[in-house]
Amino acid sequence: MNPSCTLHIGFDDTDSPEGMCTTFLAYKIVDYLKKQDSEFLDFPWLIRFNPNIPWKTRGNGAVSLKIRTKNPIKIKNKIKKLVSKYSDTKNGANPGLVFYEQKTIPSNFTEFSELALWQLINRNQAKKFASKNNLEIFFMGNGQGLVGAIGAIGYRFHDHTLELLSYRRPSKFGKERKISSQSVKTMQDKTFPYTFNSFDNKKSKVLITPHGPDPVFYGVRGERVDTLLSATKILETEEKLAGHMIFKSNQGTNDHLKNTFTKLTLKPYASGIITGVVLQNPTIKKGGHVFFSINCSGDELQCAVYKQTGIASTALGLIKGDKICVGGGLRKASKTFPRVLNLEFIEIVDLKKNMVKSNPICKNCKKSMKSKGQNQGYQCVKCGKTSKNKKNFEIQRKIQKQLYIPEVSAHRHLSRPMTRIGRINKKSDFDESSLWFSLYEN
Ligand SMILES: [Zn+2]
């Protein structure tokens with residue numbers, strides 16, 4: 001018998017807007033590996049990278065697996081076949097697959113992964129990395145998926161969440177998903193705060209089901225295996241599902257917003273945070289989107305807050321001189337628009353007093369005085385009392401020194417929800433014998 005080796009498997013960009021899904025491929029690969037006498041060393045990892053890159057496939061998520069096996073050659077060949085079979089290359093997927101046969105991951109892998117979280121990394125950088133480090137790679141199309149495949153292997157967790165993804169039977173692919181919204185609401189209430197972003201109470205909207213033709217029926221996000229498993233027992237779906245798999249993920253951790261922007265890193269499609277002072281009172285444009293600019297150590301940066309985030313009204317409450325810390329992704333400048341930071345949160349660091357000059361009030365009559373003409377002062381029309389100048393008044397601010405985050409339905413995969421603020425998961429409760437992977441019986 002061969003001695004067993006540790007094998008890391010990373011893959012990405014197998015899906016397209018038209019169908020399939022990298023997590024479904026992972027589910028198929030795990031199903032195969034389970035039958036091959038290989039030992040899983042952790043949950044499958046679902047790592048979301050920079051959400052602001054232009055060519056991402058939906059959520060920009062890559063998957064990696066870590067196993068112990070005695071037969072790596074056979075396994076690698078089969079996985080290559082599965083990647084070819086389940087990748088939607090006809091509709092623009094550019095799959096990348098990487099194998100790494102070592103117990104520990106060198107630090108340059110982790111550095112590559114950390115950059116892919118917030119920067120724009122192109123496929124040539126990934127190919128160079130692969131040849132420099134003697135990685136076994138396999139790709140189709142232009143190989144853009146190699147970036148995520150390497151990144152998912154090199155990723156190092158500082159905090160994590162879990163997501164239980166359930167899959168449909170093939171006969172249901174592309175058909176409408178029917179789930180009792182009351183059951184989703186009940187599930188959320190019963191599992192709080194160990195699940196998150198399942199149901200939008202404000203809009204009475206189910207958030208766990210995707211809308212595309214992919215094989216996922218629902219995804220429940222949370223902190224613990226037992227909670228996720230009990231959540232599936234509460235949910236009522238109209239169809240019988242094929243099975244589920246639990247992923248360990250950086251979703252819900254704000255992982256893409258760890259970079260603090262500097263002059264050098266304010267590059268197109270980069271994500272990060274920056275502190276600055278509001279340069280002018282924000283304006284609201286057609287569609288309800290709010291725009292303003294901030295001064296960050298001498299540089300002016302345009303900011304945009306889209307209506308659907310639900311924090312446009314907060315942005316509109318800002319005034320010149322407020323100090324804020326904001327985070328989001330940079331949109332590239334075009335001929336007609338400057339470079340813009342699309343905000344994903346606003347934290348108010350300091351609020352300026354909102355002072356306005358207005359006609360003086362008559363002390364006797366409590367009425368606003370009228371102007372007597374240019375530079376001629378003000379007079380009370382009732383009692384005749386006069387005053388030379390306008391007076392300063394303070395207007396109560398509508399916003400407070402606090403963190404404002406988007407509404408739950410506008411959250412991105414990586415957005416940290418309110419229930420997770422201050423929460424960090426360090427310990428992984430992986431137990432190979434638990435139901436982290438399950439095929440349901442007929
Ligand atoms: Zn008066």
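The structure is a predicted model, in which local features need pLDDT of at least 70, side-chain atom pairs count only at pLDDT 80 or more, and totals for chains, interfaces and linings use all residues. Residues are numbered from 1 along each chain as its sequence is written, and side-chain values use heavy atoms, with hydrogens and water left out.

**Overall**

- The protein has eight helices and 25 strands; helices (H or I, at least four residues) and strands (E, at least two) are DSSP runs, numbered from the N terminus.
- Along the principal axes, the C-alpha atoms occupy a box of roughly 105 × 50 × 40 Å.
- Of the 442 residues, 50% are buried (under 20% relative accessible area, with exposed over 50% and partly exposed in between; 1.4 Å probe, protein chains only).
- Among contacts (heavy atoms within 4.5 Å) with a separation of 6 or more, 72% join residues 24 or more positions apart.

**Helices α1 and α2**

- Helix α1 (residues 22–34) packs against helix α2 (residues 72–86) at about 150°, with the axes 10 Å apart; axes are lines fitted to C-alpha atoms over the stretch in contact, and angles run from 0 to 180 degrees between N-to-C directions.
- The pair is therefore roughly antiparallel (over 145 degrees; under 35 is roughly parallel, 65 to 115 roughly perpendicular and the rest oblique).
- On the α1 side, the contact includes Phe 24, Leu 25, Ile 29 and Tyr 32, and on the α2 side it includes Ile 75, Ile 79, Leu 82 and Tyr 86.

**Helix α3**

- The twelve residues of α3 (residues 107–118) should span 16 Å at 1.5 Å a residue, and the end C-alpha atoms are 18 Å apart, which agrees; the expected span is 1.5 Å times one less than the number of residues.
- Buried residues of α3 include Phe 109, Phe 112, Leu 117 and Trp 118.
- Their cover includes β3 (45–48), β5 (96–100), α4 (123–132), α5 (145–154) and β13 (271–278).

**Two buried serines**

- Ser 249 is in strand β12 (residues 243–249) and counts as buried because its relative accessibility is 0%.
- A polar atom of the Ser 249 side chain lies 2.8 Å from the backbone oxygen of Leu 46.
- Apart from neighbours within four places in sequence, Ser 249 is in contact with Leu 46, Phe 157, Asp 159, His 160 and Thr 161.
- Ser 293 belongs to strand β15 (residues 290–296) and is buried, at 0% relative accessibility.
- Not counting residues up to four places away in sequence, Ser 293 touches residues including Val 277, Leu 279, Leu 301 and Cys 303.
- Between Ser 293 and Ser 230 there are 47 Å, C-alpha to C-alpha, at 63 residues apart in sequence.

Notes: Polar contact = N/O pair within 3.5 Å; in protein donor to acceptor, adjacent residues only side chain to side chain.
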